[in-house]
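Biologist: I have the file open. Can you walk me through it?

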Amino acid sequence: MNILTSIGEVSWFILLVAAGVAALVGYLYSHFKFYSRSWFFPAVLAVFPALALAVFGGLLGGYAFKLWLSFLAAEAAIAVFFRYVVKGRHTVPYLLLAPAFVGLALLLVYPFVFEVYLSFHDLKLTTIMMWKNTGTLPFVGIDQYIKVFTTSPLSETTFWQLLLRTLVWTFSNVFFHVLGGFILALMLNNSIRFKGFYRTLLVIPWAMPQVVAVLAMRGEFHATNGFVNIVITRLLGFFPFLSHLGVAPVQWLTDYPLLTCTLINIWLGIPFMMVVILGGLQSISSSYYDAADIDGASYFQKLRYITLPLVRPVMMPAVTLGTVWTFNNINVIYLVTGQAGGTEQADILVSALYKAAFTYNRYSYSAAFAIVVFAMLFFFSVFYLKSFDAAKDER
Amino acid sequence: MATVQFKKIVKKFGDNVVLNGVDVDIKDHEFVVIVGPSGCGKTTLLRMLAGLEEISDGEIFIDNLLVNELHPSKREIAMVFQDYALYPHMTVEENMNFALRLRKMDKAEIGARVTEAANILQLNKFLKRMPKQLSGGQRQRVAIGRAIVRKPKVFLFDEPLSNLDAKLREEMRVEIAKLYQRLNATIIYVTHDQVEAMTLAGRIVIMNHGIVQQVGSPIEVYRKPVNLFVAGFIGSPTMNFLSGKLAVKDGVAVFSNESITMPIPAFVLPQKEAREGREVVLGIRPDDVLVERPGGDKCSCKIDGVLEVCELLGHRENLYLKVGGQRLLATVEAFFNRSPGSAVSLCFNYQNMHVFDKATEQRISE
Amino acid sequence: MKKELSAAAKRKRLNHLLIHAGIILFAAACVYPLLRIFSVSLRPGDKLVSMDLAIIPAGATFISYTKLLGDTMFLRWLWNSLLITLATSFIGVSLASTAAYAFSRFRFPGKKAGMILLLSSQMIPAGMLILPLFLMIMKLKLMNTYLGMIIAYSVSSLPFSIWILKGYYDTIPRSLEEAALVDGTSQVGAFWRIILPLSTPALSIAFLFNFTTAWNEYLVARVVLFSSKQYTWTLGLFELQGQYITQWGMFAAGSMLVTIPVLCVFLYSSKWLISGLTLGSVKG
């Protein structure tokens, strides 16, 4: 019964969305008189949601009915919009885009605006009940923004420390991703045996569910049972002189949390870069290398003057994307250090804002924090894209 | 079968005018080839007829029915695309009967039509194959077969042979000609290749810059090109053009430029067109440049030239000549046994000489 | 001459040997953690905490697996994840496929703006949207429900899916649709009968991308779901991996059960996925 209900609940929602799409498609059929089936649209508009409601509404009651009503209203609004506002030949593309953009507006743009709203108000544990019941919040102006720079989002670290840490984290990760990816791609781009097999093995960190990968790696950094310390201990057993050089088992998770997170994330991120760069390498015609051989270029000269410039256009977007992803990476840090009593030594900006909201319940503060982080990222992107465009123009 | 009429067709992409008032009447059962250099608007015209392109202004009639607003499938046309546009996920058979299936036609009838078309095009063996497994020529035949099964009023061909190699192209050209005799349909065929146009067409429509330059039978456009563009476009190798000035001496028109001076008889250029000082362009096809041959009374006087390069084509030979500063191409019977650099004498055949006004580029000769 | 050749051949062989050695080293680093989980999952209960490095531990047993399936709600968690993920992917792909078609085939006012909006939405930190989404879901009284999760997930992969699909549609010649129009389909019919069947590879990539994103998601689930009955497997495993070292074995067993199918699907589809990714990145 449990299972039946859960299927019901989900299929109801899917049907709702399907109905939306079907209605739009139906409208297209009626709008263009290729098939003069004028009954198609109203029928679809009425039948699908009605069916959905009849079958599953009963199972859920309450909010399902409200959702259905609002869906119908939205549908009607869309239909009216297209009948009377967007006349003429651009109807089709707008209709095709409508479902996706309505979704994006509701679940991406609206939350963003809501975040801005929150950042100027005061939502915290003590005011959340009031907001839930009345929907109003005390207005505090830019107080939250001032707090972002003056007080600490966590219990120990300040904003500026977090910023520095984030930059170090992003730079070191992306650097090693690209370096490792490049080396692996270069090695794989030879005509060697077992190439496909190697490639399969090498993408495993990327292919594994990230939660499993990170948690497993965290286990390997455990002070007594982790693989890393076991290996260090055994090495010390074989080569005792190493201990004089300062090599010793370390409390990775408590003493060097950021280093641990970085190592784990490097391990996770190399395969993606490798695959992208390998794709770029394989698209380089071998005749360039033949020509360079005839010109007498050495291996490193070929690397410098042929491979690098030709891989660049493929690599740059991936590097940009990788930078943004790494900058925004909460997953690794939260999974490694986020448990109750976890350290805050590894937190970067985004994981701090997550913790500020959901560990410390400082919602509005977290919102203001998020806006600041977003602004930084935004300026980085604009600046970066500009310089990228300029570089393109030069060529 | 059907007639097709284009009335004052205009097509604009933004401010860019692609077609500027095209008027063409196509009769029933006619094989019309629309030819012109790339970008002249010929394909756009065809696509407008098919309903794939919006009509900015003007009217198109098929069988006297205005089709401007009609969906492509309701126009009873079939189209063969340049890249064949075979649906890659359907077999040859499914490709061919797709349109019939969409119309919910009777299954037996569909089978009969497909078999018939496959017989005509020798595709029986390939019906169950996917387009990927076919050669270029076979794909071309499937694309034609897909058009045939529809039994449309008008067949549209959009540069159908341009993706084939030279040898296959010739074969398919003959096939299409045979097909036309067999189907006896109205065919509109777009190409940029004037050889295809000359060999296939009942009538040729020559276009340039979105304007119809000349409409006529192949022999008409070859013999009497109405303007410089048509003269230069039709015929291979290209016509020789000599620009210069007219003078009138004792009632006889005389053409002259820095290199060549010769009289132009009245049967070529009517007297009313021969004005003193008029800037003209003479057009002479390479076949009509006679080298080291006694000219008759229909030929110009002898002119001295120098042979620059010979190209042996087999039974013909191209001679690149220079008369003063003027370069000329002559095509003569093989073998012309002279070494490059030697002096030759040549004359022009007046019967096939064309005279155009330099300013208007229009034909002024008979 | 002959001697020189053999020297070159020798050098080549040495090179290849070095390359093999290097790759094997890296590959070992990639695979070893997975093997370690496997090894832990096989350990008997009293030897979970061990310094042993052997892959198949002494006294290997499936007790962790039976305990996981019997004593915890692991199957229920998998089921929750599966439902949420399938629904999300279905919605995501169907929305993306039509939107991408509009971007690929039509010229309309606002097209460029729309594309830029899509790209720039990728710049919004995902972590930033969790809070407002959480509050919205709370306000809608959808906390701790599938629906809340599906709503939160459904558009997260949309921009990327649209991008991938648009890139793929762009490679399908327009004349195919035109031929279909002449044959008697409508514009939408051409999309449905020609473009969609031809785009199966790209649709699968988009579906897989949606699927893996939602399947592996942790942070939103953490705040939306609070009763262990509604947990997705990521939440469940995280809890198992918690402080109690006794649950290590069950965590490892669960990880194996989740990872193996995902890994198989990923490796099977990696060719498509990679070509899609590189296509997207080249065009981006």
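Modeller: The contact between the two chains takes 17 residues from chain B and 13 residues from chain C; two residues are in contact if their C-beta atoms, placed from the backbone, lie within 7 Å. This is a predicted model: local features need pLDDT of at least 70, side-chain atom pairs count only at pLDDT 80 or more, and totals for chains, interfaces and linings use all residues. Residues are numbered from 1 along each chain as its sequence is written, and chains are lettered from A and ligands numbered from 1 in the order in which they are written.

Biologist: Which elements give two or more residues to the side of chain B that touches chain C?

Modeller: Those are β6 (77-80) and α2 (92-102) of chain B. Helices (H or I, at least four residues) and strands (E, at least two) are DSSP runs, numbered from the N terminus.

Biologist: New topic. In what order do the 5 strands of the open sheet in chain B run?

Modeller: The order is β13-β12-β11-β14-β20, with antiparallel pairing. Two strands pair if DSSP finds at least two bridges between them.

Biologist: Why is one side of β13 and of β20 in chain B left without a neighbour?

Modeller: β13 (261-264) and β20 (353-357) stand at the edges of the sheet, each with a single partner strand, so one side of each has no neighbour there.

Biologist: Over how many bridges do β11 and β12 of chain B pair?

Modeller: Strand β11 (residues 240-249) and strand β12 (residues 252-256) of chain B pair over 5 bridges, in the antiparallel sense. Val248(B) stands opposite Ala253(B) in β12(B).

Biologist: And how many helices and strands are in chain C?

Modeller: Chain C has 13 helices and 0 strands.
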